[in-house]
Amino acid sequence: MAKAEPASTLFGWQGITLRVPADWNLGRVDGDYQSGYARLDDAEIVRAEVEWREGKKRQLSIEQLVDRYLEGLEKKAEKSGLPFAVNRRARFLKDKRWLEGSEYELFTWEADYRTYNLARCCPDCGRIVLLRVLTRLQEKAEDLVGEVFQSLDDHPHEGQVCWSVYGLRFQLPAAFKLSGQELKSGHLQLSFARDRQVCRVHRLSLAHLLLKDTGLADWYQGFFHKQLRDFKVEVEEAPLRGHPGLRVRGQPRSRWLQLVRPLPFLNPRPRQYQDSRVWRCEAADKICIIDHLYRKREEGEDLPLRLSDGYFCHQEPQAEPPGHAQFAAGAQ
Ligand SMILES: [Zn+2]
Ligand SMILES: [Zn+2]
């Protein structure tokens, strides 16, 4: 019998995706699509870091970028008095076929931890990614390191970006750029903007407590009371993904009503429409929400319904995003 694999999870942010052990969670994130940084931690230590930036106009080769990066690290190590050992063009990956055709360098360095590093320029999109996996010095982790490295993907597929953090996973057209995030454990919220449209994706935990004394429709209107007050709201039952759900549509209130409201005088809120899908996933005990806000009626097009297709609320084997099938196949 094959030994049980530790459960893995997908991390996805700004077009970077990685399959990692389930207990590696986002610890810090910074930047935007052009350049940024994300760090994954387990309960005790930093486990992985990934940096990305656009590489189309770069002046330096990958090798020179690595030179520069290591020089900086060596200086820091000198100052702190730590022993620091580097191994360039390191051979820790058993399978390097997936790197063929790209400019890259593998290297390791050790201080109080051992780190496995890949610096690579993607031949498809030109993005430069530095991926680093950390292990304890005594840990035998090369198989795991190999699997994490091989799962790296760094660009959208079919125009869709896969976002996956703390188990909240969905696909969004690349034209929507991340404009805000609130990652509280009970309530995850990511906001995106595209021209003057806004898309917000929420996931709330402990649905059974939130809905203990109230129905989904009343809960939603109470919880989002502030957000909804500028709209004439219409709520209808609309099951989704086999779950009980709602479609909530908001129309701008009449201009007259907006005028008599004591709203900010200099910055009146824009007149806009809202279309939302809300559903309760019993299996995961979550409330899932996708909001779409837009200015012109014809921009509606029920975007939340389409997005709900790529929204992962409970385990479904076919929910793997495009571009990942190849890794699953390669791993067998
Ligand atoms: Zn790429
Ligand atoms: Zn579900």
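1. The site of the zinc ion (ligand 2) is tetrahedral, with angles of 102 to 115° among its 4 donor atoms; four donors count as tetrahedral if all angles lie between 85 and 135 degrees. The ion is coordinated by His 243 (NE2), Cys 281 (SG), Cys 313 (SG) and His 314 (ND1), at 1.9 to 2.3 Å, where donors are N, O and S atoms within 2.8 Å of the metal (3.2 Å for Na, K and Ca) and water is not among the atoms, so sites may look incomplete.

2. This is a predicted model, in which local features need pLDDT of at least 70 and side-chain atom pairs count only at pLDDT 80 or more, while totals for chains, interfaces and linings use all residues. Residues are numbered from 1 along each chain as its sequence is written, chains are lettered from A and ligands numbered from 1 in the order in which they are written, and side-chain values use heavy atoms, with hydrogens and water left out.

3. Along the chain, the donors of the zinc ion (ligand 2) have the spacing H-x37-C-x31-C-H. Cys 281 belongs to strand 17 (residues 273-281) and Cys 313 to the loop between helix 7 (303-308) and helix 8 (325-330), so the pair ties together parts that are 32 residues apart in sequence; helices (H or I, at least four residues) and strands (E, at least two) are DSSP runs, numbered from the N terminus. Cys 281 is buried at a relative accessible area of 0%, and Cys 313 is buried at 7%, buried meaning under 20% relative accessible area, exposed over 50% and partly exposed in between (1.4 Å probe, protein chains only).

4. The aromatic pairs number 14, counting rings of Phe, Tyr and Trp (its six-membered ring) whose centres lie within 6.5 Å, with planes under 30 degrees apart taken as stacked, over 60 as edge-to-face and the rest as tilted. Phe 170 and Tyr 311 are stacked, at 6.4 Å centre to centre and 25° between the planes; this pair links strand 11 (residues 168-173) with the loop between helix 7 and helix 8, 141 residues apart. Tyr 311 is buried, at 0% relative accessibility, and forms an edge-to-face pair with Trp 279, at 4.8 Å and 70°.

5. In helix 1, Ile 62, Leu 65, Val 66, Leu 70, Leu 73 and Ala 77 are buried. On the other side of helix 1, Arg 68, Lys 75, Glu 78 and Lys 79 are exposed.

Technical notes: Tetrahedral: all angles 85-135°; square planar, octahedral: opposite > 155°, others 65-115°.
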